[in-house]
Amino acid sequence: MTDPIDPVTRFTKTDFVVRKERIQSVSKILFSLMVISMIIPLLAIIAYLFYHALPSLSWEFLVEVPKKGMSEGGIWPAFVGTLYLVLISLAIAAPIGVFAAIYLNEYARDNWFNRIINLAVINLAGVPSIVHALFGLGAFVYAAQFGYSIISASLTLAIMTLPVIIASTREALASVPMTFREACWNVGATRWQTIRAIVLPNSISGILTGIILQVSRAAGETAPIMFTGAVFYKAVSRGDLFPYQLNEQCMALSMHLYTVATQVPNVKESLPYATAVVLLCSVLFVNAGAIALRVWLRNHKKW
Amino acid sequence: MNDTADSTLKNTLPQRQFLSIAMENLLELIIRLSGISAIIFVLAIFFFVFREALPIFFSDHFDLAKFLFNTQWYPTSEVNVRYGTFALTFGSISVTFLAMIIAVPFGLGSAIFISEFCGPKMKESLKIIIELLAAIPSVVWGFIGLTVMSRIIVSLTGAPVGVNLLNGGLILALMSVPIIVSISEDALKAVPDSYREAALALGATKWQIIYRVLLPSAKNGLLAAVLLGIGRAVGETMAVLMATGHAVQIPHGPLDSVRTLTANIAAELGEASAGSDHYHVLFLTGILLFIITFAVNLTADLVIRGIRRK
Amino acid sequence: MTPPEKTIEIENLRLAYGVKEVIHSVTFDIYRNEIFGIIGPSQSGKTSLLRCLNRTIDFVSNATVSGTIRVDGADISRIKDIYALRRKIGMVAPLPVGLPLSIYDNVAFAPRSVGLTKKDDLDEIVERCLKQAALWDEVKDRLGTLGTALSGGQQQRLTIARALSHQPQILCLDEFSIAIDPVTTMRIEDVLKELRNDITIILVTNLTQQARRLADRTMFLCNGDCIELDSTENIFSDNPQYAKTYEYVNGIFG
C-alpha cells in the first residue's frame, strides 16, 4: 500500500477512474458514430441522385416543356407553377403570420384566451398535410367555389405554413431585449410606436429568415396542392413567365416529381432524378440563404 | 413656486395628431385579428373537414365501430362495400413505431453529441446540416424511398419488392431525426451550466454527467422531442405514399407492404367522386388523423409547458 | 409658512403580483420641487412603486393595483391618455439602456412620438437635454453614432437626457448609479441638484449615503411597508423614530 499522504501517489488514477475514463471515450466514439451514420448515408444518397440526374441536367431541362406524355423534355411549367403557388401563398401568409406573432409576443397577456391561441398555433403546426388538403378541398374548392385553382392551392399552402412564420417571427421578436421596450414605454411611446421604432427594426432579419423558411416549406409540399389546384399536365409554351391565370390549375414541381416517379410509363431514366435534384436544390438554396442571413445578422447585432 | 416654468414645460410639446392615433388604432385592430386567426383556422379546418364527412353517418353501409376496428377496406366494391380502417391505422402505427425505434436513439445520441461533445465550430456546422436535412421536401424523401432505398432493401434482404414497411420506416426515421435532434438539443441546452459545473467539480466524467445529470433533468424535453417526432411521422403523407407499397393489410413482417391513413387519403381522394360515400369516408379518416395528431401535439405541449413551469 | 404644494398623493396603495402582495397599503405625499429619497433593502417594492406611478405596471400581466395615486390632483387610474402621464413623469431605469438608435434619435424619440418633426425644434431639444445630462460636450461631434456604442456611464446620462426630452415635471431615478463609476455618479448628482429648481425628483437608491447627500425628505421602505418618512436629517440622525430605520441606515441589517 502507498502512503496516502505521499504527494506523488495522491493524484494517480485508481482503477475506478481508469474504467470511468474508458466509458467516457467509448461513449464519445459511440455518439459521434451516431452522427456520422446519420449524415454520411444521406450525403451518399444525395450524391446518388445527382449522379443519376446528370444526363438530364441542363439549362435546357429547366426552361423546356414536358414532351411525349411527360416522358421526356423539361420541367418549365412545373417550375413556374411552384413559383406562383409559393409567391401567392407567401403574400397571404406573411402579413397574417407576422401580425399574429406581434400580437402573441407584444400584446397578449398571459390569460386563458391567449393560451388557447398558443395552443391553436401549435396544433395548426401539427395538422398533417393531407388534412390541410381535405380542408382546402372542402373549404376553398367547394364551399368558397374557387374551384380547382391556383388561388385554392395557395390559400391552403398559406394556412399550412402560417405556424412556421408565426413561430419564427415570435422568436425574432422575443430576442429583442425587454429593457428596450420598457425604455420606450417610459418616455410615453405607445405599444405600436415602440414596435415600429425599436422592435421591428431590430428583428427584421430574423423575421425575414422565417419568411424564407416558409418559402422553402411551401415549395416542397405536395399533398395540400394535389387536390386543390395542382394538375398532372398543362400545355404551356417554352420559357413563358406568365402562363397561368389565378383561377386555373397549374403544374407544380413537387407534384410533377410524384407524377413522373409513379404515374407516367416509360419515363426517360434520368428525368425523375433530375426533377428531384432541381426541387431539392431550389429548397436547399433558399434555406442556405436563410441561414446565411441569420449568420450575417448575428455578426451585425447592434447591442 | 415656479409656475411659469411649469406651464411652459407643459406646452412645448404638441398633442398627437388625430390621424396618427386613428391609424394606430386600425393597425392594432389588424394585429389583434391576426392573432385570433390561428384559432379561426383550426376551427375552420375541423368544421370544413367534418362538414364533408358528416353525410357518411347517415349512410346504410357505415358503422362507426366497424370503421374503427374492422380491417376490411373495400370502398369501391360493387356488392359489399366495407369501410374498416383498422389495417390503415395499424399501418400508420407500425410505420411510425419502426421509424421511432431507429430515430429515437440516433436522434437523442446525435443531440447529446452536438450539445456535449463537440466544439462550437463543429456544433454550428452540424446544426446547419440538421436544419438542411429538415428542409428536404417529403416528396423527395418518397422518391429516395422509391428508388434508392428500395434497391438497397431488395439487394440486402432478397425481398420481392423494395417498397414496404421497412422502407417506409427507414425513410420516416430519416425524416424525423432532424426534428428530434433540434428539440432535444434545446432541452439539453436548457439544463443550467451550473449543474454540469457542479458535477465536474465532484470529479464526474462527461459520460457520468450525461447519464446521471443531463438525462434526468432534461427528460421532459426529450420526451416532448420524441412526441413531436411521432407527430410528424404519423402525419407524413407523400413519403409513405411512395415508399410503403400499396397493400391494405395487417403486415406480418417488416418486408410486407402496408398503407397508412395518410397515404390512403392521398391515393384515393382523386378517384372518389365528390358526394359519394367513399368521398365522405375519406374525410372522416381525415378527422381521425386530426384527432390523433392533436392528441400527440397537445401532450407534447403539456410536457414542454411542464418544464417551463418548473 | 404655507404648507408645500403636493404634486403626487398616494393613498393606501397596494400592489400584488398574483397572490403575493409586494406593497402593503402605503400612504404618502411628494411635494413640488423636492428631491424625495426612497431607501430600503432590495425586494422591498421600490421599483414596483415607481412602475405604479407611470402605470408601466399595466404591462405586467398578473399585477393588481389598488388604492389611489394622484398626480397634480388627477387620479391616474382614471386617466385616459396614459402616454401623456408617462411623458409627465421621466423614468430612469437601474441599468443604462441606450436604444439601438443614434444618440440624436435616442433623445429625439419621445418628441417625435408625439408628432414633433421640425428639425430646428428637435435640434434644440436634443442639445438642451444632452447639456442638462452633462453629456453634450462628450458627444456633440458624433450625434450620429449608436447610443449602444457609448460607455456605461455615458449611456446612463443618455438615458437621463432621454427621460428629460419629453419635458417631465417629475423625474424618477431608479438606482441610477449601480452601473456607473463614482466620478460620473457625482457629476449626475450635481445635475440633479440643478434640475431641482424646475422639477420634482424621486430618487430610489440603495446607497443610503446618496439619499443623505441629495434628498430633502427620505422614506424608508422595507418589505412593502413604509417604515418611516421624515426629513432626511431626521432619518439619518442618531435617533429616528423607529429603531429599524436606524439599524438599516447604519448598516446593521439590509
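**Exercise 1.** In this predicted model, determine how many salt bridges the rule finds across the interface of chain A and chain B, and identify the side chains that take part.

*Solution.* The search across the interface of chain A and chain B returns one salt bridge. Its partners are the side chains of Arg294(A) and Glu131(B), with an N to O distance of 3.1 Å, and because the rule asks for a separation within 4 Å, this pair qualifies.

**Exercise 2.** Describe the side of chain A that touches chain B, by element and by residue class.

*Solution.* Begin with the elements: helix α1 of chain A, residues 15-53, contributes the largest share, 19 residues. Then sort the residues of this side by class, which gives 54 nonpolar, 18 polar and seven charged. Turning to area, chains A and B bury about 7100 Å² between them, of which 79% lies on carbon and sulfur atoms. Of the area that chain A buries against chain B, 9% is supplied by Phe31(A), Met38(A) and Leu134(A), more than by any other three residues.

**Exercise 3.** Work out which side chain Arg162(C) joins in a polar contact, and where the nearest side chain of opposite charge lies.

*Solution.* Locate Arg162(C) in helix α6 of chain C, residues 152-165. Arg162(C) is buried, yet the nearest side chain of opposite charge, Glu182(A), is 9.9 Å away; since a salt bridge needs a distance within 4 Å, Arg162(C) has none.

How values were computed: Residues are numbered from 1 along each chain as its sequence is written. Chains are lettered from A and ligands numbered from 1 in the order in which they are written. This is a predicted model: local features need pLDDT of at least 70, side-chain atom pairs count only at pLDDT 80 or more; totals for chains, interfaces and linings use all residues. Side-chain values use heavy atoms; hydrogens and water are left out. Buried area is the accessible area (1.4 Å probe) that two parts lose on being put together, summed over both. Helices (H or I, at least four residues) and strands (E, at least two) are DSSP runs, numbered from the N terminus. Ala, Val, Leu, Ile, Met, Phe, Trp, Tyr, Cys and Pro count as nonpolar, Asp, Glu, Lys and Arg as charged, and the others, Gly among them, as polar. Buried means under 20% relative accessible area, exposed over 50%, partly exposed in between (1.4 Å probe, protein chains only). Lys and Arg count as positive and Asp and Glu as negative; His and the chain ends are not counted. A polar contact is a pair of N or O atoms within 3.5 Å; within protein, one must be able to donate a hydrogen and the other to accept it, and residues adjacent in sequence count only if both atoms are side-chain atoms.
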